[in-house]
Amino acid sequence: MSRLLDNVKSDYFKAINTLKPKKAAKTIMVYVENEDDIPFWRGIFDRYAPHLHFEISFPSYHLARGKEEVLKIQAGEYLLLCVDSDYDYLLQDATEVSKRINHDPYIFQTYTYSIENYKCYAESLKEVCVSSSLNDKEVFDLVGFIKLYSHLIYELFLYSYDFEKQKDNSFTRDDFSKVIKILEKVNINEQGKQAIEALVHSVNCQLMVLKTNNPDIRLNSIAQELEVLGVNQDNTYLFVKG
């Protein structure tokens with residue numbers, strides 16, 4: 001399998017293009033992580049590069065899916081790679097993977113944690129609710145709820161990011177995801193009050209543990225570092241897993 005991946009390079013698709021008629025549009029291959037990513041990236045390329053012809057797929061039906069598999073391939077002018085950022089955009093050059101993703105002009109990333117985070121963009125969700133219910137009467141402040149959720153998880157996210165940057169597995173992304181998960185049913189009649197109260201309890205318990213065990217971590221410095229990259233209390237939900 002590794003030898004097969006080694007041969008999948010931009011030059012291979014460039015050679016295929018040379019076999020086409022001179023007036024034929026060149027085809028640029030685009031590899032994504034899995035099937036669900038195809039329509040997302042198709043929409044991006046159709047909107048911003050409609051004059052080019054892209055063929056979007058994942059490396060092979062016989063190979064494993066996922067970011068790690070895609071990044072085994074060498075990108076180039078005729079072979080683009082599209083991946084979820086996870087924390088790699090925020091980590092910048094802290095790891096070899098983040099360094100490659102952030103500096104390779106032929107690798108496209110989501111910048112948010114994944115494509116699913118865009119699907120949860122607060123303002124667009126409101127439009128989806130109107131379209132699906134055929135009712136524009138607001139009975140639940142969805143935008144306000146997501147903004148509040150984002151504020152509540154922000155401080156804990158700062159810890160999660162810093163632990164990831166320091167390669168400290170004592171508080172992993174999966175641990176963080178479990179803590180910020182909304183377990184209570186969101187009751188729209190009471191504006192999700194119980195769900196928010198349960199989330200506050202879960203987050204505060206974890207914060208107490210982290211602050212006790214890591215008194216030297218300076219959250220203000222971490223917050224300033226992330227603000228430069230566009231992360232703030234209102235949009236933290238776009239950069240988290242889960």
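Keep in mind that the model is predicted.

Let's start with helix α12, residues 219-227. Which residues of α12 are buried? They are L219, I222, A223 and L226. These four cover an arc of only 100° around the axis, so they sit on the same side of α12. An α-helix has 3.6 residues a turn, so residues three or four places apart point the same way. Now turn to the other side of α12. There, N220 and Q224 are exposed.

What do the buried residues of α12 pack against? Two helices: α5, residues 88-91, and α9, residues 142-165.

That brings us to α5. D88 is in this helix. Is D88 buried or exposed? D88 has a relative accessibility of 9%. The cut-off for buried is under 20%, so D88 counts as buried. Now its contacts, leaving aside residues up to four places away in sequence. D88 touches K67, T95, V97, S98, I101 and N102.

Last, the cysteines. A disulfide is a covalent bond between the sulfur atoms of two cysteines. How many disulfides does a search of the whole structure find? The search finds 0. Take C120, which is in no disulfide. For C120, the nearest cysteine sulfur is that of C129, 11 Å away. A disulfide needs the two sulfur atoms within 2.5 Å.

Conventions:
Residues are numbered from 1 along each chain as its sequence is written. This is a predicted model: local features need pLDDT of at least 70, side-chain atom pairs count only at pLDDT 80 or more; totals for chains, interfaces and linings use all residues. Side-chain values use heavy atoms; hydrogens and water are left out. Buried means under 20% relative accessible area, exposed over 50%, partly exposed in between (1.4 Å probe, protein chains only). The arc is that of the directions from the helix axis to the C-beta atoms. Contact means heavy atoms within 4.5 Å.
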